[in-house]
Amino acid sequence: MTPRIRRLGLPLLTASVLALATACGGGGGGNTATEASAKPGEKIKLTVGLFGDFGFKPLYEEYKKTHPNIEIVENVTQFNDHHSNLVKRLATNAGAGDIEAVEVGYISTFTAQPGRFVDLKHYGLDKRQADYLDWKWQQGLSKDGAQVLGLGTDVGGLAMCYRKDLFKKAGLPEERDKVAALWPTWEEYIATGKKFAGANVAGAKFVDSPGEIFRAMVNQAPVGLYDAQDNIIVESNPDVKKAWDLSNQLTQEGLTAKLAAFSPPWNTGFAKGSFATIICPAWMTGFIQEQAKDASGKWDIATVPGGSGNSGGSHLMVPKQSKHPKEAAELIDFLTSKDNQAKVFKEEGTFPSIPALYDDPSIQNFTKPFFGDAPIGKIYSEAAKALKPQHLGPKEADVRVAIGNGLGRVEQGKQTPDEAWAQVLEDVKKIK
Amino acid sequence: MSTLPLAVTRRRRRSVRHTLDVRVSPYAYVAPFFLLFCAFGLFPLVYTAWVSLHEWTLLSETQEFVGAANYSTLLADDYFWNATFNTLSIGVLSTVPQLALAIWLAHLLNRRLRFQTLFRVALLLPNVTSVVAVVVIFSQLFGRDFGMINWILSWFGAGTIDWAAGTASSHIALSVMIMWRWTGYNALIFLAAMQAVPRELYEAATLDGAGNFTQLRKITMPMIRPTIIFVVIVSTIGAMQIIAEPMLFGQSSGGGGGIATGGPDRQFQTLALFVYEQGFANSTFDFGYASAASWLMFVAVVVVAGINFLITRKVKGGLV
């Protein structure tokens with residue numbers, strides 16, 4: 001080896017050993033190698049993994065103006081794929097984005113693994129606690145409450161969307177206060193449905209499918225599918241059984257269009273007006289607007305039967321494998337800021353998780369022409385203020401699939417509600 | 001005199017090289033395949049067997065050895081047997097008509113035709129279409145409320161069929177999608193084999209007064225028997241591994257159910273989809289259980305392919 005080669009060789013060797021060490025360090029949760037942050041002025045690419053349109057795109061542009069060295073790439077995948085891919089990418093310690101959105105049904109699955117996410121406290125985001133709805137803040141913490149793993153984007157306060165034109169055809173009131181007065185309880189909602197069915201409106205059923213209604217009813221109860229100790233209590237919780245019975249009553253009275261939520265025929269159903277009501281967490285309004293483009297002014301929003309509850313909503317988290325945790329945390333701080341949550345609400349309909357906004361006149365007076373100028377700011381503010389938080393368990397999503405399958409079997413006429421319930425309980429027991 | 005030993009060594013060296021070349025290099029030539037096969041075929045097979053003997057989930061840090069526990073749970077799991085039944089049912093419904101149709105199509109094309117190449121290319125088109133596109137479009141055709149097939153059936157007074165809801169109807173819908181993709185491909189393989197059958201046999205048969213169908217049955221089929229055996233085995237293996245069609249059908253048919261349950265009643269969940277559900281769709285990510293299911297599926301594929309081999313071999317070969 002000549003001196004020259006040696007001179008070159010040593011740094012090369014060191015570099016490759018370091019690279020190897022970094023690569024191997026991955027298995028153990030790899031937290032040392034990723035700490036290094038970028039130097040000022042260096043171009044940084046941040047990837048943001050989402051499961052739908054969060055309405056962030058205009059915000060990225062705004063952010064780039066003040067942070068010219070940041071490039072933001074958004075990866076959008078389908079809801080289920082997004083979450084199961086995230087689990088795989090965390091487990092294999094490769095491929096996750098710098099920021100990942102996690103829906104509330106999955107949040108406990110991920111906060112149960114604090115070692116795989118960046119504690120946002122390191123980057124000063126614990127200062128945001130005062131901004132948030134307390135329960136929304138708590139959902140983003142690690143189990144012991146010591147680490148801040150996710151910051152909330154939106155909450156899904158409940159309302160009921162309905163088609164005014166179809167209600168008119170069925171001889172039901174159209175005005176939103178009168179519609180709300182039809183159904184203070186779910187039993188009365190079903191009774192209204194029977195009236196609607198009695199009027200035989202061609203091509204339209206009262207509701208899309210019982211699945212999301214079931215979810216809403218369970219979310220309205222003080223305790224849902226899990227107790228505070230993370231035990232599944234589907235069998236022993238009377239509120240779950242009651243929600244099950246009411247959902248099946250919708251099916252048995254022939255009130256559902258049998259269109260599973262988020263499937264292509266369900267989308268077609270929006271366009272064709274196949275159902276007159278749909279459970280409407282705030283984020284659903286954006287969805288309806290997108291799917292039922294021709295139905296502007298036909299939809300309206302009334303209060304939900306059975307009191308307030310939360311359905312859906314998300315958090316943003318930074319996986320530990322991110323190479324730029326500091327910049328990612330800063331971007332999260334920006335995307336979830338008070339002003340930006342208000343902006344996103346006005347565009348996309350996803351409702352802020354920051355209570356200071358609820359009495360803000362710009363939110364209170366916000367209306368949407370698509371929904372017949374319904375005061376959606378006021379409706380969802382009221383819904384969000386009245387929310388009672390519910391504890392969600394780590395396998396929330398699997399339990400919901402098991403119950404959803406049961407509702408589906410009744411809907412497809414394969415089983416009686418009792419047979420389906422027995423099978424649901426069997427399935428739930430198998431969830432490890 | 002000193003050159004002689006040198007020349008001898010050189011010659012000996014050359015002959016050693018020559019033997020090495022003759023003996024070893026063939027192995028070197030085939031090595032890439034076997035190395036790749038070991039990395040992507042054999043190793044996963046063995047490793048899956050190893051994983052299947054453990055309580056092994058993607059997220060847990062430790063893996064406990066549990067012996068055959070996964071297998072015994074699996075054999076008592078109704079959903080596993082349901083998936084096995086669905087796989088066999090969809091397999092038979094798709095493979096049998098598909099192969100009959102493929103032979104018939106090949107027979108039609110095995111003559112002088114105008115635009116021969118055009119027809120042959122057309123046969124292969126469905127096969128090069130993305131499976132996602134095929135399933136999404138067929139799911140619309142088989143739609144309950146606004147599907148074209150129900151619309152056509154309504155001309156004949158048939159009621160609305162909820163294709164995805166029923167066990168038999170969903171199996172038929174899936175079989176149609178599979179047949180759409182693979183019939184033309186198999187027809188081309190049959191056609192290639194048919195072109196190797198000597199023309200004189202047909203001429204002689206025509207002189208003897210044998211009709212078109214008799215010629216197909218008595219000449220073509222026996223002559224292309226090895227190809228038939230090959231196609232039957234390959235189609236069987238393919239049919240046992242169906243996953244994309246039922247998974248996408250479940251998501252795009254509007255019948256509900258989890259992403260990998262194949263309908264709320266698991267009415268069209270196949271074995272491969274069951275494996276995917278256990279290993280990747282559940283938030284448990286139960287690799288141990290999914291691996292055990294994969295191994296039983298592997299055994300099932302070998303058994304069914306073996307049975308089909310024996311049956312097709314029994315079909316009379318040669319000319320009688």
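The largest nonpolar core in this predicted model has 112 residues, where a nonpolar core means a set of buried Ala, Val, Leu, Ile, Met, Phe, Trp, Tyr and Cys residues joined through C-beta atoms within 7 Å. I call a residue buried if 20 or more other C-beta atoms lie within 10 Å of its own, exposed if 12 or fewer do, and partly exposed in between, with the C-beta atoms placed from the backbone. The residues with the most contacts inside this core are A:Ala159, A:Cys161, A:Ile301, A:Val318 and A:Ile332. Helix α17 of chain A, residues 396–411, gives the most to the core, with seven residues; helices (H or I, at least four residues) and strands (E, at least two) are DSSP runs numbered from the N terminus. Apart from this core lies another, of 46 residues, which includes B:Ile90, B:Leu248, B:Phe249 and B:Ala293.

Before I go on, a word on conventions. Residues are numbered from 1 along each chain as its sequence is written, while chains are lettered from A and ligands numbered from 1 in the order in which they are written. Since this is a predicted model, local features need pLDDT of at least 70 and side-chain atom pairs count only at pLDDT 80 or more, whereas totals for chains, interfaces and linings use all residues.

Now to the sheets of chain A. Four strands form an open sheet in the order β6-β7-β5-β8, with mixed pairing, and two strands are said to pair if DSSP finds at least two bridges between them. At the edges are β6 and β8 (299–302), each of which pairs on one side only. Strand β7, residues 275–279, is mostly covered, since five of its five residues are buried. On one side, strand β5 (residues 160–163) is joined to β7 by three bridges and the two run antiparallel, with A:Met160 standing opposite A:Ile279. Strand β6 (residues 205–207) runs parallel to β7 and is joined to it by two bridges; here A:Lys205 stands opposite A:Phe275, and A:Val207 has A:Thr277 as its bridge partner.

The other sheet I want to show has six strands, in the order β2-β1-β3-β9-β4-β10 of chain A, and it too is open and mixed in its pairing. At its edges stand β2 (70–76) and β10 (351–352), each with a single partner strand, so one side of each is left without a neighbour in the sheet. Strand β1, residues 44–50, pairs with β2 in the parallel sense over seven bridges, and A:Val48 stands opposite A:Glu74 there. Strand β1 also runs parallel to β3, with two bridges joining them, and in β3 the bridge partner of A:Val48 is A:Ile99.

What about β3 itself, residues 99–103: is this strand enclosed or open? Five of its five residues are buried, so β3 is largely enclosed by the rest of the structure. In a regular strand the side chains alternate between the two faces of the sheet. In β3, A:Ile99, A:Ala101 and A:Glu103 on one side and A:Glu100 and A:Val102 on the other are all buried. Four bridges join β3 to strand β9 (residues 310–317), and this pair is antiparallel, with A:Leu316 as the bridge partner of A:Ala101.

Two backbone details deserve a look. Most residues other than glycine have a negative phi. A:Asn200, however, has a positive phi of about 50°; A:Asn200 sits in the loop between α8 (186–198) and β6 of chain A and is exposed, with 9 other C-beta atoms within 10 Å. A:Asp373 likewise has a positive phi, of about 55°, lies in the loop between α15 (361–364) and α16 (376–385) of chain A, and counts as exposed with 11 C-beta neighbours inside 10 Å.

Finally, the place where the chains meet: 25 residues of chain B are in contact with 27 residues of chain A. On the chain B side, α11 (244–252) and α12 (271–281) each supply at least two residues.

Conventions. Two residues are in contact if their C-beta atoms, placed from the backbone, lie within 7 Å.
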